[in-house]
Amino acid sequence: REHTVLARDLERRSGLMLALTQRLAEARGVAVVADVAGRAVQELLDCGAAVLVPGTHGELRHPEGESPAFLDAKGLGAAGWVFTNGHAAGLGTDTLPDVQALFLPLPGRNESMGVLAVAPAMPWGFSPEQMRLLDSFARQVGLSLEVERLQESTRQAQLESEAERLKASLLSAVTHDLQTPLAAISGSAESLLLADVAMDQATHAMLARNIRDEAARLSRLLDNLLRLTRLESGTVRLRKEPIPLEEVVGTALARLEKTLAERAVTISLPDDLPMPPLDGLLMEQLLVNLLENVAKYTPPGSPVHIAARQKDDSVELIVDDRGPGIPQEALEKVFNIFYRVPGEKRPRGYGLGLAISRAVAIAHGGSIRAENRPQGGARFVVTLPLETASAQENHSHAFTTDNDPGH
């Protein structure tokens, strides 16, 4: 009978260890790992338990911010000693035995990852078998916390790498693309300031127009960079309301009347098309960017088609052109900041328009994709969800800064 009881206990402990391992493998984030470990110990031994991890300044804390009641000042002092020295302390040990809880280190490969604090239900503490089980739990939790730290370090390194890449791209744009308008402005201004040079009225006007146009170009670049930064950082608060797409399309076409003057623009919008909740100014900018892209990369005078349709719980806004299309390898890259399709005859630009369009679509909870039409030309498809009223309210509160008229 004793062997049977021991075998059952061993089977139960093995099952608990397997369950803990599986739950820790599914956990993501230090707070979740700590919560899973604490609950597992509580269920196993019917006791109080908490996992403490080092904070920003090295102090031990509970990831959720609230420490259990049994962790008083003396207990936190014992936990700090365990974290520093890597040895168990507290109830049932030779170190700080007057503390009413047991503290076990959570070992990683090279350093302690935290401390497991356990308060037994009975005053005599834990049995040797329970101590061995707690030690196994602590080692498993320590390894899981180390994995989380490594993954977080990897994610942080990727973010830093992406930030450096964007900085390099911005520096490249500043040193290359911005030199041309700055040089033109400087040269025209110098010519106007040379009083001893004979200059007719036409030349004077031409130099003044050149300064105005190049300054406007720089202003648009800075405005686009600011708009993209605010959109991608989530600091723009969307003011969404159900708006008919006819209104957005009409306003965008009015803004581009001169740009599209020589093109046949056809529109196909169903009468029964539902109205998705939109920020009118941002959606207008998205469509303007798509149409300006068509004007840049398609032959002069080629037609443009704008359409919309309902698909499941969303509305798709489609812009078709009759240009050369987009290389297959560039269909995803065209939405990256500063990216332009390679080619000998590239129009002037900075590769920001489509990046802004993607940021606007994502801010609306939607998406945008590029594809090539079977009949020739490129197609851009913007998917906008038909949100409920409550979803609209929740989504708009995710942004914190007012959307000014420039956006």
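Colleague: Let's start just after H9: which residue takes a positive phi there?

Modeller: In this predicted model, Gly365 does, with a phi of about 80° just after H9.

Colleague: And H9 itself, what makes it largely enclosed by the rest of the structure?

Modeller: A residue counts as buried when its relative accessible area is under 20%. Eight of the 11 residues of H9 are buried, so the helix is largely enclosed by the rest of the structure. The buried ones are Leu354, Ala355, Ile356, Ser357, Ala359, Val360, Ala361 and Ala363.

Colleague: How do you know that H8 and H9 meet, and which residues are involved?

Modeller: Contact requires heavy atoms within 4.5 Å. From H8, Leu282, Met283, Leu286, Asn289, Leu290 and Asn293 meet Gly353, Leu354, Ile356, Ser357, Val360 and Ala361 of H9. The residues of this contact are eight nonpolar, four polar and no charged; Gly is counted as polar here.

Colleague: What describes the way H8 and H9 cross?

Modeller: Two packed helices are described by the angle between their axes and the distance between the axes. For H8 (residues 280-297) and H9 (residues 353-363), the axes come within 9 Å and cross at roughly 150°. H8 passes H9 in a left-handed crossing.

Colleague: Now the strands. What makes you say that E10 and E12 pair?

Modeller: Pairing needs at least two bridges between the strands. E10 (residues 314-321) and E12 are joined by seven, and they run antiparallel, so by that criterion they pair. One of the bridges links Ser314 to Pro385 in E12. E11 (residues 367-372) also runs antiparallel to E12, with six bridges, and Asn372 has Ala378 of E12 as its bridge partner.

Colleague: Why is E12 called largely enclosed?

Modeller: Seven of the eight residues of E12 (residues 378-385) are buried, so the rest of the structure largely encloses this strand.

Colleague: What is the order of the strands in the open sheet, and what kind of pairing is there?

Modeller: The five strands run in the order E7-E9-E10-E12-E11, with mixed pairing. E7 (265-268) and E11 are the edge strands, as each pairs on one side only. From one strand to the next, the twist averages 15°. The parallel part includes E7 and E9 (residues 304-311), joined by four bridges; Ser268 has Ala307 as its partner in E9. H8 packs on the sheet, touching E9, E10, E11 and E12, and its direction makes about 25° with that of E10.

Colleague: What makes a group of residues a nonpolar core, and which members of the largest one touch the most others?

Modeller: The members must be buried nonpolar residues joined through side-chain atoms within 4.5 Å. The largest such core has 42 residues, and Met283, Leu290, Leu291, Leu317, Ile326, Phe380 and Val382 touch the most other members. H7 (245-255), H8, E9, E10, H9, E11 and E12 each supply at least two residues, and H8 gives the most, with eight.

Colleague: Which residues does Leu317 touch, leaving aside those up to four places away in sequence?

Modeller: Leu317 touches Leu245, Met283, Leu287, Ile306, Ala307, Ala308, Phe380, Val381 and Val382. There is also a second, separate core of 27 residues, including Ala40, Leu44, Val51 and Leu106.

Definitions and conventions:
Residues numbered from 1 in each chain as written. Predicted model: local features only at pLDDT ≥ 70, side-chain atom pairs only at ≥ 80, totals over all residues. Heavy atoms only, no water. Axes fitted to C-alpha atoms, helices over the stretch in contact; angles between N-to-C directions. Left-handed = near helix turned anticlockwise from the far one by under 90°. Buried < 20%, exposed > 50% of the residue type's maximum accessible area, 1.4 Å probe, protein only.
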